[in-house]
Amino acid sequence: MAFDIDMIKAVYAAFPDRVAAARSIVGRPLTFTEKILYSHLYDGLATEKYERAKSYVDFRVDRVAMQDATAQMALLQFVQAGKARVDLPSTVHCDHLIQAEDGADADMKRALEENKEVFGFLESVSKKYGIGFWKPGAGIIHQVVLENYAFPGGMMIGTDSHTVNAGGLGMVAIGVGGADAVDAMTGLAWELKFPKLIGVKLTGKLNGWTSAKDVILKVAGILTVKGGTGAIVEYFGPGAESLSCTGKGTICNMGAEIGATTSTFAYDASMDRYLRSTGRADVADLAQGISQHLTADAGVYDAPEKYFDQVIEINLSELEPHINGPFTPDLAWPISQFAAAVREKGYPAKLEVGLIGSCTNSSYEDLTRAASVARQAGEKNLKVKSEFTITPGSEQVRYTAERDGLLATFEEIGGVVLANACGPCIGQWKRHNQAGNPKNSIITSFNRNFAKRNDGNPNTHGFVASPEIVTAMTLAGDLTFNPLTDTLTNEDGKQVKLDEPQGIELPPRGFDVEDPGYQAPAQDGSSVVIKVAPDSDRLQLLSPFPAWEGTDLKGLKLLIKAKGKCTTDHISMAGPWLRFRGHLDNIANNTLTGAINAYNDKADAVKNPLTGEYQPVPVVARAMKASGLGSIVVGDENYGEGSSREHAAMQPRHLGVRAVLVRSFARIHETNLKKQGMLALTFANPADYDRIQEDDTLDILGLTSFAPGKPLTLQLTHADGSTEQFAVNHTYNAQQIEWFKAGSALNIIRAQQ
Ligand code: SF4
């Protein structure tokens, strides 16, 4: 992968000078996180960029990773940009669309058939535009990235919230929406609000049943699901250095569950070992060459409170194994208190299924520790009480684990090895015997455990723990069991105690794999045809949005005045609609169906101005579009919060909405609207929201002199013929005004090719 090594060489060549310049401007020692951020500023070195401002900063990231569900719209947009190739190393990973039911082979066969056209599309686009393609079965995006692409000091974005996993190998890696990935792949800057910094000092050393997973389970309990919001978490201290690289990955992975922008660790010997073990001695040598820069400056970790906004200290020697849940990953129970909690809270004590693996916890070390527990079933004559599944994170891990007998150990206790894919972790789990949604408990080594996440059953109590604790619980079949203190009754009626798990950090015989599932892009992709069937209901090539007509927007009608909370889920619902993520016209049939109409307090019932009838929002939008009538959406506070997916901006645009006028925006959604050529406006006086009446005709005035910082005017013509005007604000800069005029940001990029 020469593309990568050249890129890493370039990053490392510039790193020391950029960091030195940043240090002199900031005027104090820097944390490792700051070094990565400052060395990746898009416009290079400028004093104002170094202020720890609350401002948004433009970055130039090193690479992009996309998973199959989110890659569809991202790549459809990239095609629109008209570029011959992506501007930076990028990969696509087919992992989210594979449903677990009967085991790896049968599940893969079914998934390949069911998702044939999506996989075919992703493969053809990747081949054409210089994107590395990881086939279905190759593994889960974050594990594959850790094994192949992550490197200390790098910065990447990925279209999945657990992109943060790569922090285990010293990256700043951040989960984003598809539109952000398109920006980076087309060579534009990627924007991020400069984060706060949380330092977690780890002292002591893990021992016994405690693992890296317990560090993040403990941190989640301290910070809660919101405590990391807007922050990057940097782990350091002697305890951090004692952790394996993949253990660090687990900690960073689940940082998504505390809302952190990302988490990272400074470069150390564990990363060197992991890079060499995964066939990247060249990267390890390069990192060694600048190792003194790939950590915080001297003094920072000795007085962290001077450099971090918040500091937490955890002594690994005293850390207990944790079990978190149910229904939220921050409900943290040290294992010594868990049995009492199960009894007191009335959680179902009988354990139905234990699930290990996923992108969070499927390293060789994880599997060896879990296998050392599983092996004791035979040795101690124990009958396994719960169902047990194993999800390897990649084909490389699976192949190596099979070669070394780990998978056989799991299978001997009835474990079912699932495909190297997300499966039950993302709800792609056709669970048996679940008719009627019974109340039950499962325990996983995954990261998220919100209601319905794994199996769609709101009564499934999902708990999260390390793979070795999950395995021990599976042997016991009882959540009140504590393997540290309790005994189990074996088949001879004897009381037996499980020995502490033993792990091996990296395979002594090295990693091995026959077919990793990687497909390199074509050297020259110009003749590669993008595969989209014209009659497909899942994929649709995009057409450019029309440019601005050059006049004020007059005669608009109200599509909906949304009341209260209106998240991107209300604007573009998830669930069954995920199937249509690559088909704009089809997914547009869910547009704003979750928003509450301020005039009747109902969802998905708005007045059709052409007929006076109340109809579903998409029906009314399509009727207006068909008759050439532009429409406007009015919203309340923090409109568009939630997931950053671009569908929530593209769908209204596709249905003929010209402007979204709200009391306030969630910033990412506001930017997404601008990128799609929409007018994103706010009431200068929030009370003006109440002036808008259901039958109004709306004119947006001042567009011919549209300029940064200059408000526009909204004129309302009410049904009785009376009119009124008021100011509406916007945050468009000069470049974003050009996006509006051209019809979208992509239209501009395409015009420049
Ligand atoms: S395994 Fe789970 S957390 Fe990881 S990428 Fe897949 S769905 Fe996301």
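**Helix 10**

In this predicted model, the buried residues of helix 10 comprise C245, T246, G247, K248, G249, T250, I251, C252 and N253. Helix 10 covers residues 245-253, and nine of its nine residues are buried, so this helix is largely enclosed by the rest of the structure.

An open sheet is formed by six strands, which follow the order 6-5-2-3-4-21 with mixed pairing. The edges are held by strand 6 (172-175) and strand 21 (518-519). Each of these two has a single partner strand, so one side of each is left without a neighbour in the sheet. Within the sheet, strand 2 (residues 63-67) and strand 3 (residues 90-93) run parallel and are joined by four bridges. V64 has S90, in strand 3, as its bridge partner.

Helices lie across this sheet. Helix 5 (residues 116-129) lies across strand 3, strand 4 (132-134) and strand 21, and it runs at about 155° to strand 4. Helix 6 (residues 141-148) lies across strand 2, strand 3, strand 4 and strand 5 (155-158); its direction is at about 150° to strand 2.

**The barrel**

Strands pair through backbone hydrogen bonds, either parallel or antiparallel. Seven strands close into a barrel, again with mixed pairing, in the order 22-25-26-27-30-29-28. On average, neighbouring strands of this sheet are turned by 40° against each other, direction ignored. Strand 26 (residues 657-662) pairs with strand 27 (residues 679-683) in the parallel sense, over four bridges. The bridge partner of V660 is A680, in strand 27.

Helix 20 (residues 617-626) lies across strand 22 (553-561) and strand 25 (631-635), and it runs at about 165° to strand 22.

**Packing of helix 3 and helix 24**

Two packed helices are described by the angle between their axes and the distance between the axes. For helix 3 (residues 68-81) and helix 24 (residues 745-752), the axes come within 7 Å and cross at roughly 40°.

On the side of helix 3, the contact is made by Q77, Q80 and A81. Helix 24 contributes L746, N747, I749 and R750. Sorted by class, the contact of helix 3 with helix 24 has three nonpolar, three polar and one charged residues.

**Surroundings of T568**

T568 belongs to helix 18 (residues 568-571). With a relative accessible area of 1%, T568 is buried, because buried means under 20%. When residues up to four places away in sequence are not counted, T568 touches G640, E641, G642, S643, R645, A648 and H669.

**Cysteines**

A disulfide is a covalent bond between the sulfur atoms of two cysteines. With a cut-off of 2.5 Å between the sulfur atoms, the count comes to zero disulfides. C94 is thus in no disulfide, and the nearest cysteine sulfur, that of C422, is 11 Å away.

C94 is buried, with a relative accessible area of 1%. C422 counts as buried as well, at 7% relative accessibility.

Definitions and conventions. Residues numbered from 1 in each chain as written. Predicted model: local features only at pLDDT ≥ 70, side-chain atom pairs only at ≥ 80, totals over all residues. Heavy atoms only, no water. Buried < 20%, exposed > 50% of the residue type's maximum accessible area, 1.4 Å probe, protein only. Axes fitted to C-alpha atoms, helices over the stretch in contact; angles between N-to-C directions. Contact = heavy atoms within 4.5 Å. Nonpolar A, V, L, I, M, F, W, Y, C, P; charged D, E, K, R; others polar. Pairing = 2+ DSSP bridges.
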